[in-house]
Amino acid sequence: MFEYDFMRTAFMAGGLVAIVAGSVGFFLVLRNLTFAGHALSHVGFAGAAGSVLIGTSPLWGLLAFTVVAAIAMGALGDRLRGRDVAVGIVLSLALGFGVLFLYLYSTHATQASAILFGNVLGVSLETVWALLGLTGVSLCALAAISRPLLFATLAPEVAEAKGVSLRLVSVLFLVIVAVAVAEAAQVVGVLLVFALMVGPAAASLRLTSHIGWGIGLAVVLALTETWLGIALAYTTDWPTTFCIVLLSCVVYFLCLMSPLPNPRAAQTRSAGQ
Amino acid sequence: MTLARGGQPVLADVSVAIHPGEFIGVFGSNGAGKTTLLHAILGLLRPCAGEIKVLGAPPARGNPAAGYLPQHRTSVADLHLRGWDFVASALHGERWGLALTGRAGKREVERAIATVEAQALAARPLCQLSGGELQRLLLAQALLGKPKLLLLDEPLLSLDPHFQQATVALVKRVQQTERITVLFTAHELNPLLDAMDRVLYLGQGRAALGPVDEVITGEVLSRLYGTPIEVLRVNGRILVVAGHGLVEADAHRHDV
């Protein structure tokens with residue numbers, strides 16, 4: 001299958017996206033922010049559709065919208081807590097605008113489906129270069145903030161006392177998430193970003209309790225699921241997105257069923273409290 | 001100094017001096033200013049009048065000489081993450097950069113974990129630890145970087161009596177071996193009776209600092225609570241009684 005250009009680009013694009021999705025997703029799961037990833041991708045849909053309308057690549061529209069939404073979410077912070085209805089309605093509005101933009105673009109159905117459900121086999125070499133750049137930038141940014149990010153995630157009250165700006169760390173992290181979401185949408189589409197960003201990370205957190213290995217494992221799982229998914233799609237002729245999402249789901253539930261390594265859990269817990 | 005929170009004065013014209021290496025139990029009803037006082041020492045809150053000196057210098061946020069165990073903590077108890085990584089996350093966590101510990105960092109984390117005798121806990125995931133065990137890891141976190149001052153905000157809350165005693169004994173041992181000044185806030189006097197060098201009792205915007213026998217008296221507490229209080233001593237334990245019942249039992253009820 002590697003004799004085809006579009007397959008090679010698909011593997012490259014998928015690989016780049018999986019590395020970012022796995023590592024960023026790990027912190028997303030650790031911070032209990034998986035819904036934020038989901039919400040950002042919905043906002044991104046309007047941006048992607050908007051850029052189709054004005055004739056640029058959907059990636060840039062997506063990126064612009066997710067980053068702005070991430071900054072807004074980070075700045076609002078705790079004030080968003082318990083405002084599920086308001087957040088949900090804003091997200092619906094974003095999706096609604098996406099529909100409007102696509103309608104104005106004389107109803108191009110394939111574009112809509114590519115944005116919503118991804119089309120990694122249709123990724124251009126140009127997009128791969130863009131993904132390479134974005135992957136590099138977001139991984140560097142994640143590495144640069146990883147120390148205060150972990151501190152602020154695991155012990156926010158102490159971190160604040162030690163001089164960490166929780167707000168700043170949160171905004172920076174959400175911007176990185178926004179980039180990861182925009183990238184992941186190129187492979188699995190805005191509606192299924194969750195599968196690629198949360199699935200491998202959540203599975204890896206079930207398998208290891210070691211942060212370093214956990215990040216590595218999340219990346220390996222995301223890479224395996226993406227590449228196997230593309231290969232599976234090639235042999236079966238099913239949609240690539242379906243294959244990737246299926247693998248992500250199977251891996252997650254397999255990990256969920258595997259017992260946690262230490263069977264004494266129940267005993268010690270009841271003895272302690 | 002005077003401390004206010006949300007425009008409301010909490011402590012007014014309070015003046016106390018705590019000596020290096022002392023174990024101070026900090027008591028008072030809810031809202032008496034225990035947490036506010038700790039926040040002021042940490043530099044999270046500026047006094048509206050007067051000044052605070054922490055180890056001879058004005059309080060500064062991020063002071064490495066102050067270890068802190070907060071009362072309200074984001075729950076990490078459901079995370080499948082090993083204790084070692086949890087403790088290590090606080091080591092220089094305020095600095096930007098890659099979350100790598102390095103050799104010296106690893107030694108420091110090991111030292112802090114060994115100080116609280118939590119080596120076995122460090123290897124286990126947080127979701128398998130009890131409240132008391134998690135408390136020990138939090139204490140290890142507070143001891144990173146060898147602080148000279150340890151600020152513990154209600155570490156006994158939600159622990160059963162057995163773990164309360166173990167926690168107090170552990171803090172006492174760390175205070176003595178590492179020569180650390182400890183400010184330990186609590187609702188109940190009795191678990192701390194043997195460990196405390198002096199008592200700081202807050203109430204009605206005022207404070208009383210001194211040995212247990214001088215501060216925990218009907219006269220002093222009546223003044224701090226603004227209502228008649230009796231202090232009974234039974235078998236080496238102290239019962240603080242207000243007109244309507246046990247003060248401590250009452251203070252607890254608000255917290256549940």
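Guide: Chain A has 13 helices and zero strands, where helices (H or I, at least four residues) and strands (E, at least two) are DSSP runs numbered from the N terminus. This is a predicted model, in which local features need pLDDT of at least 70 and side-chain atom pairs count only at pLDDT 80 or more, while totals for chains, interfaces and linings use all residues. Residues are numbered from 1 along each chain as its sequence is written, with chains lettered from A and ligands numbered from 1 in the order in which they are written.

Visitor: What radius of gyration does chain A have?

Guide: The radius of gyration is taken over C-alpha atoms, and the globule rule is 2.2 Å times the number of residues to the power 0.38. For 273 residues a compact globule would come near 19 Å, and chain A agrees, with 19 Å.

Visitor: How many of the residues in chain A are buried, as a percentage?

Guide: A residue is buried if 20 or more other C-beta atoms, placed from the backbone, lie within 10 Å of its own. In chain A, 52% of the 273 residues are buried.

Visitor: How many residues of chain B are in contact with chain A?

Guide: Two residues are in contact if their C-beta atoms, placed from the backbone, lie within 7 Å. Here 33 residues of chain B are in contact with 31 residues of chain A.

Visitor: Which element supplies the largest share of the side of chain B that touches chain A?

Guide: That share, four residues, comes from α5(B).

Notes
Buried ≥ 20, exposed ≤ 12 C-beta atoms within 10 Å, placed from the backbone.
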